[in-house]
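Here is a short briefing for someone meeting this structure for the first time. Look through the sequence and the 3D view, then read the points below.

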Amino acid sequence: MKLFSKGFSLGMIALLSVSLVAGCGTTPKAGSSDSSTPIKVGGNLELSGSTAMFGQGAKNAIQLAFDQQNAKGGVLNRQLTLVAADNKSDAGESTSAVTKLVSQDKVIAVIGSMTSSVTLAAIPVVTDSKIPMISPSGTNTKLTMDPATNAVRPWIFRACFIDPFQGQVAANFTLTNLKAKTAAVIIDQKSDYSKGLAESFVANFKKGTGTITGTEQYVGGSDKDFRSILTNIKAQNPDMVWLPGYYQEVGLIVKQARELGMTMPFMGGDGWDDPQLYNIAGDAALNNTFYVDHVATDDPALATFVSDYKAKYNNAPNAMAALGYDAANLLIKAIDDAKSTDSEKIRTALENMKGFKGVGGEITIDPKTHNPQKSAVIISNKDGKPVFVTRVAPQ
Amino acid sequence: MGSGIVTQIFQQIVNGLSLGSIYALIALGYTMVYGIIKLINFAHGDIMMVGAYSGWFAITVLHLPFLPALLFSMVACALLGVLIERIAYKPLRNASRIAALITAIGVSLFLEYGGMLLLTAQVRTYPPVFPGTMYIVGGVYFKYGDIVMLITSFVLMALLHFTVQYTKVGKAMRAVSFDQEAALLMGINTNNIISFTFAIGSALAAAAGVLMGVYFNTIDPLMGIIPGLKAFVAAVLGGIGIIPGAMVGGLMLGLIESIVSGFGASTWRDAVAFLILILVLIVKPSGLFGKNVREKV
């Protein structure tokens, strides 16, 4: 009995180690060249969790783009399939989701994610597997530029502007339009996006002779009670509050701030963009708040996209959906330019992309940074609706 | 409108008390269950989550006003609590403590991810239930909701105290928590009493859940984890197994969190709660109100 169980356990250990070794180091093949098999594109998206609205909007838009392309015969005479994986708005889950897409589903490219921290978590996996990844709305600089080596990450691209630009736009608006001389900053310490955008705003605000009265932090994704940090800020009496967070916490923070009697303007970045913001904060609380965004969905240039999206999904798209749409079409064009589904060729095609006309603006990828130069818009919240204020072009 | 330091402190105290009353309600459930069967019910925070969702359902789908929704949610969770006890904990009553603890963690995970599957991790929002009237007393801001929350918590805690101290059932509960076998010999139906304890504890957690939903607006399936852990700390702080201890522990924890945040160390807020846990266990494990009961040979 003893000998049998020892041999059995040794056998099990051997079997498990073999499967482990077999599991690692598989290089996914970039799809067969048989023209009847569909092209699989992975979507590493936030479909649940605190930024679920971003991922859901993008997923719908990507599917819309693929469906429209498939109706035209697909690309390279093959149909496009989106394989979506939910990263639950969490960096840890993102790594597992993209690993599954790359090794199990054998996708030829990944679109994702919508938020910077979550995208960063997926980067090592796609880089090792040599699969190109396009983030529709990740704005932190670290996504495309490795801060350790200051070199561009060869397999990562994005379809949106970056936080240094966003912070600059916001700071200028604050100094010029809001005429604020002092500002307080509230940062989501769990988000690279929030930290990077806060840094950029602070640097630009100070350059314009503004003063920061204080900085407070919260934990995104779990904190719900912000009244203590808001009480601190209230005592500092700043002219405005810079709040570069995601809509779920932003809604609660603005609501609780108004309840504490804080009437100064609040401003943030593209993380604010979602109709849920109004449900969470209430229309009245959001008056006198502003945010920087990628597109204004009532912009006539987006009219066709908006009506197509509404027809298919019965509700209006948000800016993230527009970016997802552009990312999908950018990939389609790259596959077309490369005339192949080979990942290296697609990567080169993306790197040399010039003059791609997306609904969110024109995208020309800079090979040195993999960033497009795009303009930003400033939206204000008035009586429960986003209102376009102004557009700022990149310098 | 710069407020003075005193106003600031009072505001933080108001903030801390409303948060603390929620922790107190949840901590009561922990403490009662521990007192009676020496089990730390890690699923308790998730019962709070189910309570929040039941309240949401009652308010948005059944269109009930606040109090009936609260009662609906409390009844629903009382039933859930009894169900969990009968299915998961009763069979392990004579097993080792570790087995019961692990089962509790299992139930917790089941509720969380079962909730995720059924309800999707999308955040739901509570429609505004209270008028948004603000009261300003000496520069300190109270919301109508703050006051309702404090009053509801205190009323529930008072009812619990009354039940435990002055009714026959309460006496039975105290007897079972003192010595389960002796109580059985005295003719008390210990199984029913234990189920009743779970029912009350879960009902209180449900009330906390509804209050959290109304106050913080957003609910999601994982919302019970952190408040559950903090309520556990509060129960330990006050003396696990001692009912007034849970109430005091909850309020104290809420206040300490607010004050720590107020001193500008907002990132340390969660850390402080667990630091308190470690300190209490090192310095006075029986908690503030606890006595070290020595076993007499």
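In which sense do strand β2 (residues 134-137) of chain B and β3(B) pair, and over how many bridges? They pair in the antiparallel sense, over four bridges. This is a predicted model, where local features need pLDDT of at least 70 and side-chain atom pairs count only at pLDDT 80 or more, while totals for chains, interfaces and linings use all residues. Residues are numbered from 1 along each chain as its sequence is written, and chains are lettered from A and ligands numbered from 1 in the order in which they are written.

**The hairpin in chain B**
- Two strands count as paired if DSSP finds at least two bridges between them.
- Tyr135(B) has Phe142(B) in β3(B) as its bridge partner.
- Two residues lie between the strands of the β2(B)-β3(B) hairpin, where Gly138(B) takes a positive phi near 60 degrees.
- Helices (H or I, at least four residues) and strands (E, at least two) are DSSP runs, numbered from the N terminus.

**Two helices of chain B**
- α1(B) packs on helix α2 (residues 44-60) of chain B at an angle of about 130 degrees, and the axes are 10 Å apart.
- Axes are lines fitted to C-alpha atoms, for helices over the stretch in contact, and angles run from 0 to 180 degrees between N-to-C directions.
- α1(B) and α2(B) are therefore oblique to each other. Angles under 35 degrees count as roughly parallel, over 145 as roughly antiparallel, 65 to 115 as roughly perpendicular and the rest as oblique.
- From α1(B), Ile26(B), Gly29(B) and Tyr30(B) meet His44(B), Gly45(B) and Met48(B) of α2(B).
- That contact of α1(B) with α2(B) has three nonpolar, three polar and no charged residues. Ala, Val, Leu, Ile, Met, Phe, Trp, Tyr, Cys and Pro count as nonpolar, Asp, Glu, Lys and Arg as charged, and the others, Gly among them, as polar.

**Where chain B touches chain A**
- Chain B has 28 residues in contact with 28 residues of chain A. Contact means C-beta atoms, placed from the backbone, within 7 Å.
- On the chain B side, α1 (5-37), β3 (140-143) and α10 (243-262) give two or more residues each.
- α1(B) gives the most, with five residues.
- By class, this side of chain B has nine nonpolar, 17 polar and two charged residues.

**Domains of chain A**
- Chain A divides into domain 1 (39-161 + 300-364) and domain 2 (163-293 + 377-392), with bounds from an automatic or database domain assignment.
- The contact takes 17 residues from domain 1 of chain A and 17 residues from domain 2 of chain A.

Conventions
Two residues are in contact if their C-beta atoms, placed from the backbone, lie within 7 Å.
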